[in-house]
Amino acid sequence: MTTHKEELLGLLRKAQEERVEQPDLGKLRDDWQAAVDALLSSIERWLADATGEGLLAVERAEVEIDEEMLGNYVVPGLVIRAPNGRSVTVTPKARIIIGGQGRVDLTSGAKRATLVLDDGRWSLIARRPRVERTVLTEEVFDQMLAELLR
């Protein structure tokens, strides 16, 4: 006959064998910050012609994020300004999300576009009758920005 103590110890030994390794949260945050920085650098590069002609102004801004698992940290964001006074804000929202490895929102007034990082690639998320992902390219970004600035 098994005692409760033996049953408990057996359960704990089994749990120890099944233990899932905890992620290195510092590395997770650092990788996320690097992915956001790379995204913003791509956007700046894609907008270089427009900024060179004075058609857009692009400036970096700091964004503070507070996530339960990662704590408080700062990531870069962007503000894109058109000569007519309209602007688009590129704001990292969170690293820990369902369905990806990070989220960045682009907003202009009530308009919003959402980018999600998944397997090292950024995708535009469209909420039509169902969720659709489109890999972010310069062409996709240009179309999205034009829609946000309308």
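Which element gives the most to the lining of the largest pocket? I started my notebook with that one, keeping in mind that this is a predicted model.

**Entry 1: the pocket**

I looked up the volume, and the largest pocket comes out at about 290 Å³. Its lining is made of 14 residues. I then checked which of them lie nearest the centre, and got Ala113, Leu124, Arg128, Met144 and Glu147. Next I went through the elements: β5 (111-118), β6 (121-127) and α4 (138-149) each give two or more residues to this lining. That settles my opening question, as α4 gives the most, with five residues. I also sorted the lining by type and got seven nonpolar, three polar and four charged residues.

Is Leu8 buried, exposed or partly exposed? Its relative accessibility is 42%, so I put it down as partly exposed, since that label sits between the 20% and 50% cut-offs.

**Entry 2: a glycine in a loop**

My last stop was Gly85. I found Gly85 in the loop that links β2 (71-81) to β3 (87-94). Gly85 has a relative accessible area of 64%, so I noted it as exposed; the cut-off for that word is over 50%. I also checked Gly85 against Leu149: they are 64 residues apart along the chain, and their C-alpha atoms are separated by 9.8 Å.

Note on methods
Residues numbered from 1 in each chain as written. Predicted model: local features only at pLDDT ≥ 70, side-chain atom pairs only at ≥ 80, totals over all residues. Heavy atoms only, no water. 1 Å grid on protein atoms, 1.4 Å probe; cavity = no way out; pocket = protein on both sides within 12 Å on 5 of 7 lines; lining within 4 Å. Points joined across faces, edges and corners; volume = space filled by probe spheres on them. Helix = DSSP H or I, 4+ residues; strand = E, 2+ residues; numbered from the N terminus. Nonpolar A, V, L, I, M, F, W, Y, C, P; charged D, E, K, R; others polar. Buried < 20%, exposed > 50% of the residue type's maximum accessible area, 1.4 Å probe, protein only.
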